Amino acid sequence: MKDITIEQLQKYKKEYLKDDKNYILQNALSTSTIEKVISRRRLRAFNTKMMFSHEVKTHGITNQKASGRCWMFAGCNLLREEIIKKLELDDFEISQSYLAFYDKIEKFNNDVRLIIDLVEKQYRDKGEFKYTDYEFTDHLAQVSQDGGNWGMFVNLVNKYGIVPKEIFPESITSSQTRLMNNLLTSLVCQTVQQYIVLRKEKGKDQREEFETEIEKANKKAYKIIALNYGVPEDKFEYYFEIDDSSDKKDKDKKKDKDVLNVKKFEHFKGTPKEFYNKYLGEDFLNQFVRITTYPKSELTFNQLYEDRYSFGIYGKKERYLNVSYDDMEKLCIAQIKDNKPIWFCCDCLQNRDGTEVWDDQSYDYKSVFGVDLYFDKGPAMDLMHIEINHAMMLCGVNLNKKDVPDRWKIENSWGKDAGDKGYYVATESWMQKYMGDAAINIKYLSDEQKALLDKEPIIVDGHTAAD
């Protein structure tokens, strides 16, 4: 590696001091944040207004707080809108904590088994095990995280069902998961180390013999999780309060104290799976497919892929259809026009100026720093400059006079105090650069896209999780 020299530094310094503009900018940056100095907020265009030609009505903002459960909150928000519409409710929320309880247990079991498999992979491929192996350390760094994706949400709900939030409410730990995650990570590492020692002693694969120890570790993990979340009931009872007014349009009359306010109640008694099946349908989530728009060098458009290491997918590999952004956009517009919101993922860390607007033109880097920091989305994803890290819900789009989208409405899960009462607007160019995934109902796919779903997927090593 070639070191930088003192001569080079003196050259850079001389050139820097020649430009009087740098003194002004340096003074500005010493008293203000970078964001304030480079902000273009005053020049913001009309296409950042919270106004949309097509908008899906949604029912309130949720708050994931200090946890990485965005993917789960977005999924639950999607499901609750269907239930609210079906039963004509004013509001309703699904328990994210209930699903998180089982997600933690599934991930722990999966993490332990995956890391042990990677120990054996080293012995098989290299004849020895080393702690410094990149694949081993990379996956070890991912254990016990909150993050997930659409496939994980689907598999969780299909296996465990759902419950109303009142049945299994949030706890302090479910909303602030860092310390509990550290405990689970320690237990994962302890269990893996136990296997590594046993493997060295016996000199051969011990996975079958180690099942008893994994069972013991799973039991310990269950206790840690249950103490922090509580224990879900196998069956529960719940009442929906439903407006039984014979004339829905004449609600103003009901404000009169002399008018009888009639209510009816929808009663449910059964298991979480039965609740999901009754109010959404057993195959509701199976109607959706994960669509990605990843212009990465190892991927091509119009191709079905499967992640080799689909962590936390509970025995089911994660598949996705990769398409161009233009095709992704058409699918999203079709679903929103049909009055259906969309679960989607993006890189939410890019070009945010602290307001409700997400605009790739929010900052003027070039005028201040003299560098154009933009480069194409494909290489940016290859170099991990763009990473898909947050899931939300798309619930609106504005189509201009040419029927072309110029902005999108986003429902986030950061609480009502964030953005514009919990909602955000993203410009079309921001979406082009930073959108990654969307859960699209299969009925909106073209015949050609549907046919791709029946083909054998290409196996890739990459994995994605929205935190």
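Axes here are lines fitted to C-alpha atoms, for helices over the stretch in contact, and angles run from 0 to 180 degrees between N-to-C directions. Helices (H or I, at least four residues) and strands (E, at least two) are DSSP runs, numbered from the N terminus.

The model is predicted: local features need pLDDT of at least 70, side-chain atom pairs count only at pLDDT 80 or more, and totals for chains, interfaces and linings use all residues. Residues are numbered from 1 along each chain as its sequence is written, and side-chain values use heavy atoms, with hydrogens and water left out.

H4 passes H7 in a right-handed crossing, meaning that the near helix is turned clockwise from the far one by less than a right angle. On the H4 side, Trp71, Met72, Gly75, Cys76, Leu78 and Leu79 meet Trp150, Met152, Phe153, Leu156 and Val157 of H7, where contact means heavy atoms within 4.5 Å. This contact has ten nonpolar, one polar and no charged residues. In this scheme Ala, Val, Leu, Ile, Met, Phe, Trp, Tyr, Cys and Pro count as nonpolar, Asp, Glu, Lys and Arg as charged, and the others, Gly among them, as polar.

H4 (residues 70–87) also packs with H5 (residues 96–126) and with H11 (residues 272–279). The axis values are set out below.

| Helix pair | Axes | Angle |
|---|---|---|
| H4 and H5 | within 10 Å | roughly 135° |
| H4 and H11 | 10 Å apart | about 60° |

H4 and H5 are likewise oblique to each other, and H4 passes H5 in a right-handed crossing. Trp71, Met72, Phe73 and Cys76 in H4 meet Gln96, Leu99, Ala100, Asp103 and Lys107 in H5. By class, these residues are six nonpolar, one polar and two charged.

With an angle of about 60° between H4 and H11, H4 is oblique to H11 as well. Ile83, Lys86 and Leu87 of H4 make the contact with Phe275, Lys278 and Tyr279 of H11. Four of the residues in this contact are nonpolar, none polar and two charged.

The second largest pocket holds about 470 Å³ of space. On a 1 Å grid over the protein atoms alone, a pocket is an open set of points with protein on both sides within 12 Å along at least five of seven lines, a cavity is a set where a 1.4 Å probe fits but cannot get out, and lining residues have an atom within 4 Å of a point. Val154, Asn155, Phe288, Lys317 and Arg319 are the closest to the pocket's centre among its 19 lining residues. H7 gives the most to this lining, with five residues.

The structure holds two cavities of 30 Å³ or more. Volume is the space filled by probe spheres set on grid points, which are joined across faces, edges and corners. The second largest cavity is lined by Tyr98, Val163, Ile167, Phe168, Pro232, Glu233, Phe236 and Pro272.

Methods
Parallel < 35°, antiparallel > 145°, perpendicular 65-115°, else oblique.
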